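Walk through this complex with the structure open beside the text.

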Amino acid sequence: MFEVSGLSKHFGGVAAVDDVSFSVNEGETFSIMGPNGAGKTTVLNLISRFYDVDEGTVQFGGQDITRVRPHDIARVGIARTFQNIELFERETVLQNLLIAQYIHRQTNIFFDVLFLPRVRRQEVASRKVLEDIIDLLHLQRYREQYIHALPFGVRKLVELARALCLKPKLLLLDEPSSGLNPEETEDLSFWIEDINKELGITILMVEHDMNLIGQVSDRVLVLASGRCIALGTPTEVKDHPDVIAAYLGT
Amino acid sequence: MRFVLKTNYHRDVDLFRDKFQFCWFAVLLVFVLSLPMFTGTYVESQLTLVFLWSIAGAGLMILVGYTGLISLGHAAFLSVGAYTHAILLDLGVPPFVSIPSAMLLCSVLGVVVSIAALRMTGIYLAIATLAFAMIVEKVVKNWSSVTGGNAGFKVAPPEIFGWELNSTAYYYLCLLVLTLVMLGVSNLLRAPTGRAFIAVRDSEISAQATGINLVKTKALAFAVSAALAGLAGTLLAYQWHYLFPDSFSMITSIKLLMLVIIGGLGSMSGVIFGAIFMTLLPDGIATVREWLPDSIGNLPGLEPFSFGLILILFLIFEPRGISGRWQKIRLFFSQFPLYRNRTFRRQKSFLRTERVH
């Protein structure tokens with residue numbers, strides 16, 4: 001369903017991502033791991049088109065998305081979260097989630113200025129759509145709170161919720177467990193499983209926490225210095241000699 | 001304390017939080033409507049100016065307070081609006097046509113300026129818009145065959161269907177336009193378009209990831225903002241009777257920017273607060289001049305100095321402007337014995353995401 005082949009990205013003389021190929025099957029939870037500076041986040045940024053691809057192609061659902069504009073990625077069916085959280089700080093949780101309904105809007109600025117009945121119907125309908133996701137992630141009590149007043153763990157959840165509100169087919173998670181304590185990471189692993197099994201969303205995640213990877217992912221790709229060094233199930237990868245070498249040094 | 005219990009989604013979408021808030025606005029409207037009956041023409045014309053600056057401020061607030069793009073050149077849109085309108089009136093075009101065409105021209109210019117905004121933020125954008133304003137000022141000054149240049153341009157008095165408006169009628173007209181503008185902008189901000197503006201302000205990268213086209217959204221914000229500034233310009237032309245290039249100088253742009261900052265960025269009521277403040281300030285300074293010893297009171301630079309000082313004091317002590325202060329006072333009374341001094345204390349934060357601007 002999702003296929004990356006021969007992906008390369010250079011920043012000056014540095015090959016951040018060098019000839020990376022992998023494919024993600026529908027309904028799978030696929031992880032990318034690797035030491036610092038391995039190019040994991042760059043791969044996600046290439047897929048969500050924040051960077052231009054130097055070489056290689058990205059195929060999604062039979063469509064070539066290598067040259068799709070960054071704001072059209074959400075319409076294609078790919079949503080993402082960010083390593084350092086990129087929420088709309090001075091708005092409430094509800095408003096943050098409502099922005100995810102932007103791509104489904106049926107109105108334009110002229111309807112909006114007059115706030116015609118059609119806009120009102122759309123606003124009410126959007127709130128109904130969000131309700132399932134607010135329920136799933138237990139965000140009810142934070143609904144009207146401002147982002148800058150929330151603890152870090154909740155912000156991560158709100159960001160996950162916003163990505164889900166886009167109704168994606170593929171969800172990209174950039175280090176979902178960074179900054180979370182062990183209990184929160186535990187909760188996160190259940191949510192990731194729920195999102196994958198119950199909502200049927202394919203997940204591609206970049207992660208450091210080997211426990212979390214072991215619990216949720218079907219297959220793991222290990223990157224080091226921008227190149228693929230191993231691909232397989234979490235247990236296979238853990239014992240792979242190249243992976244051990246990459247992490248511990250030779 | 002008042003709690004709002006929302007039992008259906010319509011309450012969440014509504015313009016007013018509850019019946020109390022609606023009643024307060026109704027009382028305010030009745031008050032403003034009845035003011036001309038017991039005040040003189042001076043107060044009336046000052047209030048008309050408050051309304052007009054509020055309209056221009058609403059335009060700039062969309063841009064600065066909600067889309068996070070700065071503009072130091074909004075006087076240019078006022079100027080283009082005012083001159084276009086005056087020139088069209090002079091050619092015999094009725095105001096119903098000339099006002100919308102002036103607004104349209106301004107929004108086209110706004111889109112042109114937004115092309116610069118795509119690659120610039122912060123101080124660079126401020127300078128680019130400043131340059132734009134200077135170009136407009138020079139054009140207005142030197143194209144004297146059309147604009148009258150430094151000799152000024154006389155504006156035809158306001159007329160509706162051949163009936164000339166006196167100052168009281170004009171007061172009501174401006175109040176009506178301001179009310180419509182405020183309603184329109186508030187509607188915009190609770191609908192997807194306004195939400196896209198806010199998204200661009202708070203995080204461009206995640207705005208893109210949620211499917212918001214940065215180019216179009218910024219252009220739209222500039223267009224709406226410029227159109228409102230142009231609208232304020234057309235009405236100011238009536239109010240001033242004569243247009244001079246110097247009426248729309250860089251100082252006007254800076255005053256407008258001060259208006260939205262002192263009023264409180266990201267708040268539509270702040271626009272009104274800011275406009276009242278900026279209109280009263282020159283009068284206040286004139287009064288203070290009389291109390292001061294002659295050697296200080298007669299200094300010509302006293303007014304710009306006071307403007308600058310007040311802006312600096314606001315930025316240091318109340319970055320959220322008058323509207324932020326108003327919210328704090330309201331909270332103090334609503335929680336009266338329980339209000340904690342530190343409720344709004346800004347905490348130190350280190351993570352990018354924890355930074356509140």
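Predicted model: local features only at pLDDT ≥ 70, side-chain atom pairs only at ≥ 80, totals over all residues.

Strand S1 of chain A covers residues 2–11, and seven bridges join it to S2(A). The two strands run antiparallel.

Now widen the view to the whole sheet. Four strands of chain A form it, in the order S2-S1-S4-S5. The sheet is open, and its pairing is antiparallel. Its edges are strand S2 (14–24) and strand S5 (63–64) of chain A, and each of these pairs on one side only. Strands of a sheet pair through backbone hydrogen bonds, either parallel or antiparallel.

Next, turn to the partner chain. How many residues of chain A are in contact with chain B? There are 44, and they meet 40 residues of chain B. Between them the two chains bury about 3,900 Å². Carbon and sulfur atoms carry 59% of that area. On the chain A side, His71(A), Arg90(A) and Tyr102(A) lose the most area to chain B. Together these three residues make up 16% of what that side buries.

Five salt bridges are counted between chain A and chain B. The side chains of Asp12(B) and Arg127(A) meet in a salt bridge, at 2.7 Å from N to O.

Which elements of chain A give two or more residues to the side that touches chain B? They are helix H2 (73–76), helix H3 (93–99), helix H4 (109–114), helix H5 (117–136) and helix H6 (152–165). H5(A) gives the most, with eight residues. By type, the chain A side of the contact divides into 20 nonpolar, seven polar and 17 charged residues.

Finally, consider confidence. The predictor gives the complex an ipTM of 0.91 and a pTM of 0.90. Chain B has a mean pLDDT of 88, and 94% of its residues reach 70 or more. One stretch needs a separate look. Over residues 349–357 of chain B, pLDDT stays under 50. For that stretch the model has 14 contacts beyond four places in sequence.

Conventions. Residues numbered from 1 in each chain as written. Chains lettered and ligands numbered in written order. Heavy atoms only, no water. Contact = heavy atoms within 4.5 Å. Buried area = accessible area lost by both parts, 1.4 Å probe. Salt bridge = Lys/Arg side-chain N within 4 Å of Asp/Glu carboxyl O. Nonpolar A, V, L, I, M, F, W, Y, C, P; charged D, E, K, R; others polar. Pairing = 2+ DSSP bridges. pLDDT = per-residue confidence, 0-100.
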